[in-house]
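Q: I have not looked at this one before. Can you walk me through it?

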Amino acid sequence: MDLVAGSEKSDFIPQAGDIFVWSRAPGDGHTGVVHNVDGDKITILEAIGKNGSSDEPYHINEGGYEGMHCSRTSYYRKDKKALAKHGGWKGYFRPENYTKQL
């Protein structure tokens, strides 16, 4: 997997299949898979822990459900605190030679 050039920036537009990563320290990080991109709204497939997401209000307002300790489809804005403005944001990764469209 390769870091997509420029994906650490808040104006980057990911594509379906990209994998986001943030990590503040060893053992403290998170990842998820981009399912859909609709303007600034990014739909993510991810597992949510005991603290929920960093942008739970937006997720709920977009029709998501409040779920902790589960896997879910989550809705976020590409340039806010659950993604590009999250502490430890690294960017989006894509498998080398990725061509399949989801």
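The chat below goes through salt bridges, strand pairing and a few residues.

Q: What kind of model is this?
A: It is a predicted model.

Q: How many salt bridges does the structure hold?
A: There are six salt bridges in the structure.

Q: Start with D18. Which residue does D18 form a salt bridge with?
A: The partner of D18 is R94, and their closest N and O atoms are 2.6 Å apart.

Q: Are D18 and R94 buried or exposed?
A: Both D18 and R94 are buried. D18 has a relative accessibility of 0%, so D18 counts as buried, the cut-off being under 20% relative accessible area.

Q: What else does the side chain of D18 reach?
A: The side chain of D18 reaches the backbone nitrogen of Q15 at 3.0 Å. With neighbours within four places in sequence left aside, D18 is in contact with F12, G32, V33, V34, Y92, F93 and R94.

Q: And R94, what does R94 touch?
A: Not counting residues up to four places away in sequence, R94 touches M1, D2, V4, F12, Q15 and D18. The side chains of R94 and D18 are also joined by a polar contact of 2.6 Å.

Q: F12 came up in both lists. Where is F12 found?
A: F12 is in the loop between β1 and β2. Its relative accessible area is 16%, so F12 is buried.

Q: Which residues is F12 in contact with?
A: Leaving aside neighbours within four places in sequence, the contacts of F12 are V4, A5, G6, S7, D18, K78, Y92 and R94.

Q: How many residues apart in sequence are F12 and K90?
A: F12 and K90 are 78 residues apart in sequence, and in space they are 12 Å apart, C-alpha to C-alpha.

Q: Change of topic: strands. In what sense do β1 and β6 pair?
A: β1 and β6 pair in the antiparallel sense, over two bridges. L3 has F93 in β6 as its bridge partner.

Q: How many bridges join β2 to β6?
A: Four bridges join β2 to β6, and the two run antiparallel. V21, for one, has G91 in β6 as its bridge partner.

Q: Back to salt bridges. Which residue does D55 form a salt bridge with?
A: D55 forms a salt bridge with R77, with the closest N and O atoms 3.1 Å apart. D55 lies in the loop between β4 (41-48) and α1 (56-61) and R77 in strand β5 (residues 70-77), so this pair ties together parts 22 residues apart in sequence.

Q: What about R72, which residue does R72 form a salt bridge with?
A: R72 forms a salt bridge with E56, and their closest N and O atoms are 2.9 Å apart. This pair links distant parts of the chain, with R72 in strand β5 and E56 in helix α1, 16 residues apart.

Q: Buried or exposed, those two?
A: R72 is buried, and E56 is buried too.

Technical notes:
Residues numbered from 1 in each chain as written. Predicted model: local features only at pLDDT ≥ 70, side-chain atom pairs only at ≥ 80, totals over all residues. Heavy atoms only, no water. Salt bridge = Lys/Arg side-chain N within 4 Å of Asp/Glu carboxyl O. Buried < 20%, exposed > 50% of the residue type's maximum accessible area, 1.4 Å probe, protein only. Pairing = 2+ DSSP bridges. Polar contact = N/O pair within 3.5 Å; in protein donor to acceptor, adjacent residues only side chain to side chain. Contact = heavy atoms within 4.5 Å.
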